[in-house]
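Dear colleague,

I am handing over the structure below, and after it I set out what was found there. Please read the notes with the structure open beside them.

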Amino acid sequence: MSHKEVIKAIKGDEEAFESLIKEEGDKMYKTAFLYVRNKDDALDVVQETVTKAFISIHQLKKPELFSAWLMKILIHTAYDLLHKKNKVVLTDNFSSFKGEQRVGHEEKLDLLSAISKLTHNYKTVIILFYFQDQSIKSISESMDKPEGTIKTYLHRAKSEIKKLLGGVDLDEKRMV
(Lines give C-alpha, C1' and ligand atoms only; values in the text may rest on other atoms or scores of the structure.)
Protein backbone atom coordinates (compact mmCIF):
# COMPACT_ATOMS: atom_id res chain seq x y z
CA MET A 1 0.00 0.00 0.00
CA SER A 2 1.53 3.28 -1.03
CA HIS A 3 1.32 6.41 1.06
CA LYS A 4 0.74 8.31 -2.18
CA GLU A 5 -2.49 6.35 -2.75
CA VAL A 6 -3.63 7.13 0.78
CA ILE A 7 -2.84 10.84 0.33
CA LYS A 8 -4.82 10.85 -2.94
CA ALA A 9 -7.75 9.17 -1.18
CA ILE A 10 -7.62 11.70 1.68
CA LYS A 11 -7.80 14.47 -0.94
CA GLY A 12 -10.95 12.92 -2.40
CA ASP A 13 -9.66 10.62 -5.16
CA GLU A 14 -12.32 7.90 -5.27
CA GLU A 15 -10.25 5.57 -7.46
CA ALA A 16 -7.35 5.71 -4.99
CA PHE A 17 -9.75 4.94 -2.13
CA GLU A 18 -11.23 2.02 -4.06
CA SER A 19 -7.75 0.65 -4.75
CA LEU A 20 -6.86 0.84 -1.04
CA ILE A 21 -10.06 -0.96 -0.07
CA LYS A 22 -9.36 -3.72 -2.59
CA GLU A 23 -5.92 -4.23 -1.02
CA GLU A 24 -7.42 -4.46 2.48
CA GLY A 25 -10.61 -6.32 1.52
CA ASP A 26 -9.55 -9.87 2.29
CA LYS A 27 -8.12 -8.94 5.67
CA MET A 28 -11.23 -6.91 6.50
CA TYR A 29 -13.57 -9.77 5.62
CA LYS A 30 -11.60 -12.37 7.60
CA THR A 31 -11.48 -10.12 10.67
CA ALA A 32 -15.19 -9.29 10.43
CA PHE A 33 -16.00 -12.98 10.05
CA LEU A 34 -14.05 -13.81 13.23
CA TYR A 35 -16.19 -11.34 15.12
CA VAL A 36 -19.66 -11.93 13.71
CA ARG A 37 -19.51 -15.63 12.79
CA ASN A 38 -21.36 -15.63 9.49
CA LYS A 39 -20.84 -14.56 5.91
CA ASP A 40 -23.78 -12.17 5.58
CA ASP A 41 -23.02 -10.26 8.77
CA ALA A 42 -19.32 -10.13 7.88
CA LEU A 43 -20.16 -8.65 4.49
CA ASP A 44 -22.46 -6.12 6.18
CA VAL A 45 -19.67 -5.13 8.57
CA VAL A 46 -17.20 -4.70 5.71
CA GLN A 47 -19.68 -2.67 3.67
CA GLU A 48 -20.51 -0.40 6.60
CA THR A 49 -16.80 -0.03 7.41
CA VAL A 50 -16.04 1.02 3.84
CA THR A 51 -18.88 3.53 3.92
CA LYS A 52 -17.72 5.01 7.24
CA ALA A 53 -14.12 5.13 6.03
CA PHE A 54 -15.10 6.83 2.76
CA ILE A 55 -17.11 9.47 4.61
CA SER A 56 -14.35 10.21 7.12
CA ILE A 57 -11.09 9.58 5.19
CA HIS A 58 -10.37 13.31 5.13
CA GLN A 59 -9.95 13.13 8.93
CA LEU A 60 -7.01 10.70 8.65
CA LYS A 61 -3.94 12.75 9.59
CA LYS A 62 -1.19 10.13 9.11
CA PRO A 63 -1.37 8.23 5.80
CA GLU A 64 0.93 5.49 7.15
CA LEU A 65 -1.76 4.59 9.70
CA PHE A 66 -4.45 3.89 7.09
CA SER A 67 -4.60 0.13 7.75
CA ALA A 68 -4.76 0.57 11.53
CA TRP A 69 -7.39 3.31 11.14
CA LEU A 70 -9.50 1.12 8.85
CA MET A 71 -9.21 -1.87 11.22
CA LYS A 72 -10.30 0.31 14.13
CA ILE A 73 -13.45 1.31 12.22
CA LEU A 74 -14.10 -2.34 11.34
CA ILE A 75 -13.74 -3.54 14.93
CA HIS A 76 -16.12 -0.87 16.23
CA THR A 77 -18.59 -1.67 13.46
CA ALA A 78 -18.43 -5.40 14.22
CA TYR A 79 -19.03 -4.80 17.91
CA ASP A 80 -21.93 -2.46 17.13
CA LEU A 81 -23.53 -5.20 15.04
CA LEU A 82 -22.92 -7.81 17.74
CA HIS A 83 -24.37 -5.53 20.36
CA LYS A 84 -27.47 -5.05 18.24
CA LYS A 85 -27.83 -8.78 17.67
CA ASN A 86 -26.54 -9.76 21.12
CA LYS A 87 -24.36 -12.46 19.59
CA VAL A 88 -21.36 -14.44 20.74
CA VAL A 89 -18.23 -13.77 18.68
CA LEU A 90 -15.80 -15.89 16.72
CA THR A 91 -16.23 -18.89 14.50
CA ASP A 92 -15.41 -22.57 14.51
CA ASN A 93 -14.44 -22.63 10.85
CA PHE A 94 -10.84 -21.62 10.19
CA SER A 95 -10.55 -23.39 6.85
CA SER A 96 -10.29 -20.10 4.96
CA PHE A 97 -7.25 -18.97 6.93
CA LYS A 98 -3.71 -19.66 5.80
CA GLY A 99 -1.49 -22.00 7.73
CA GLU A 100 -4.31 -23.83 9.44
CA GLN A 101 -2.93 -26.15 12.08
CA ARG A 102 -4.27 -29.65 12.26
CA VAL A 103 -6.15 -29.25 15.52
CA GLY A 104 -9.01 -31.51 16.48
CA HIS A 105 -12.53 -30.18 16.05
CA GLU A 106 -13.21 -30.45 19.77
CA GLU A 107 -10.02 -28.52 20.64
CA LYS A 108 -10.96 -25.78 18.17
CA LEU A 109 -14.40 -25.45 19.73
CA ASP A 110 -12.88 -25.31 23.22
CA LEU A 111 -10.46 -22.60 22.13
CA LEU A 112 -13.18 -20.59 20.38
CA SER A 113 -15.44 -20.93 23.37
CA ALA A 114 -12.67 -19.67 25.64
CA ILE A 115 -11.86 -16.72 23.34
CA SER A 116 -15.53 -15.78 23.09
CA LYS A 117 -15.66 -15.43 26.89
CA LEU A 118 -12.88 -12.82 26.98
CA THR A 119 -13.56 -9.13 27.48
CA HIS A 120 -13.76 -6.86 24.44
CA ASN A 121 -10.14 -5.66 24.70
CA TYR A 122 -8.65 -9.09 25.33
CA LYS A 123 -10.65 -10.65 22.50
CA THR A 124 -9.59 -7.90 20.09
CA VAL A 125 -5.91 -8.29 20.97
CA ILE A 126 -6.06 -12.09 20.55
CA ILE A 127 -7.81 -11.82 17.17
CA LEU A 128 -5.48 -9.15 15.80
CA PHE A 129 -2.29 -10.75 17.12
CA TYR A 130 -2.95 -14.40 16.37
CA PHE A 131 -5.50 -14.42 13.56
CA GLN A 132 -4.42 -11.26 11.70
CA ASP A 133 -0.72 -11.63 12.50
CA GLN A 134 -0.48 -7.96 13.45
CA SER A 135 2.41 -6.55 15.43
CA ILE A 136 2.03 -5.11 18.92
CA LYS A 137 2.67 -1.66 17.41
CA SER A 138 -0.05 -2.09 14.79
CA ILE A 139 -2.54 -3.32 17.40
CA SER A 140 -1.61 -0.36 19.58
CA GLU A 141 -2.47 1.99 16.71
CA SER A 142 -5.73 0.17 15.90
CA MET A 143 -6.92 0.21 19.50
CA ASP A 144 -5.55 3.66 20.43
CA LYS A 145 -3.72 2.19 23.42
CA PRO A 146 -0.02 2.27 24.39
CA GLU A 147 2.08 -0.72 23.33
CA GLY A 148 2.64 -1.63 26.99
CA THR A 149 -1.11 -1.87 27.50
CA ILE A 150 -1.44 -4.13 24.44
CA LYS A 151 1.30 -6.43 25.80
CA THR A 152 -0.52 -6.56 29.14
CA TYR A 153 -3.84 -7.34 27.43
CA LEU A 154 -2.18 -10.10 25.41
CA HIS A 155 -0.54 -11.63 28.47
CA ARG A 156 -3.75 -11.49 30.51
CA ALA A 157 -5.87 -12.79 27.62
CA LYS A 158 -3.56 -15.80 27.21
CA SER A 159 -3.71 -16.42 30.97
CA GLU A 160 -7.52 -16.27 30.89
CA ILE A 161 -7.65 -18.68 27.96
CA LYS A 162 -5.29 -21.03 29.77
CA LYS A 163 -7.57 -20.99 32.84
CA LEU A 164 -10.67 -21.52 30.71
CA LEU A 165 -9.03 -24.45 28.94
CA GLY A 166 -8.20 -26.08 32.25
CA GLY A 167 -4.53 -25.17 32.44
CA VAL A 168 -3.58 -26.22 28.91
CA ASP A 169 -0.72 -24.04 27.64
CA LEU A 170 -1.35 -22.06 24.49
CA ASP A 171 1.24 -22.73 21.84
CA GLU A 172 3.42 -19.62 21.70
CA LYS A 173 3.24 -19.75 17.90
CA ARG A 174 0.58 -17.87 16.03
CA MET A 175 -2.77 -19.72 16.07
CA VAL A 176 -3.14 -19.62 12.29
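Phe54 counts as partly exposed, at a relative accessibility of 41%, where buried means under 20% relative accessible area, exposed over 50% and partly exposed in between, with a 1.4 Å probe and protein chains only. Phe17, in contrast, is buried, with a relative accessible area of 5%. This is a predicted model, in which local features need pLDDT of at least 70 and side-chain atom pairs count only at pLDDT 80 or more, while totals for chains, interfaces and linings use all residues. Residues are numbered from 1 along each chain as its sequence is written, and side-chain values use heavy atoms, with hydrogens and water left out.

A search of the whole structure finds six aromatic pairs, a pair being rings of Phe, Tyr and Trp (its six-membered ring) with centres within 6.5 Å, counted as stacked if the planes are under 30 degrees apart, edge-to-face if over 60 and tilted for the rest. One of them joins Phe17 and Phe54, whose ring centres are 5.2 Å apart and whose planes stand at 65°, so the pair is edge-to-face. Because Phe17 lies in helix α2 and Phe54 in helix α3, the pair ties together parts that are 37 residues apart in sequence. The rings of Phe129 and Tyr130 are also edge-to-face, because their centres are 5.0 Å apart and their planes are at 90°; both of these residues are buried.

As for the chain as a whole, its secondary structure comes to eight helices and zero strands, where helices (H or I, at least four residues) and strands (E, at least two) are DSSP runs numbered from the N terminus. Of the 176 residues of the protein chain, 44% count as buried. Among contacts between residues at least 6 apart in sequence, 65% join residues at least 24 apart, contact meaning heavy atoms within 4.5 Å.

Turning to the packing of α2, the axes of α2 (residues 14–36) and α3 (residues 39–56) come within 9 Å and cross at roughly 145°, the axes being lines fitted to C-alpha atoms, for helices over the stretch in contact, with angles that run from 0 to 180 degrees between N-to-C directions. By class, the contact of α2 with α3 has 14 nonpolar, one polar and three charged residues, with Ala, Val, Leu, Ile, Met, Phe, Trp, Tyr, Cys and Pro taken as nonpolar, Asp, Glu, Lys and Arg as charged, and the others, Gly among them, as polar. Helix α2 also packs against α4 (residues 66–85), at an angle of about 35° and with the axes 10 Å apart; this contact has 15 nonpolar, two polar and two charged residues.

The 18 residues of α3 should span 26 Å at 1.5 Å a residue, and its end C-alpha atoms are 26 Å apart, which agrees; the expected span is 1.5 Å times one less than the number of residues. Among the buried residues of α3 are Asp41, Val45, Thr49 and Ser56, and what covers the buried residues of this helix includes α2 and α4.

Helix α6 (residues 120–131) has end C-alpha atoms 16 Å apart, in agreement with the 16 Å that its twelve residues should span. This helix is mostly covered, with ten of its twelve residues buried, including Lys123, Phe129 and Tyr130. After α6 comes Asp133, whose phi is positive, near 55°.

With best wishes
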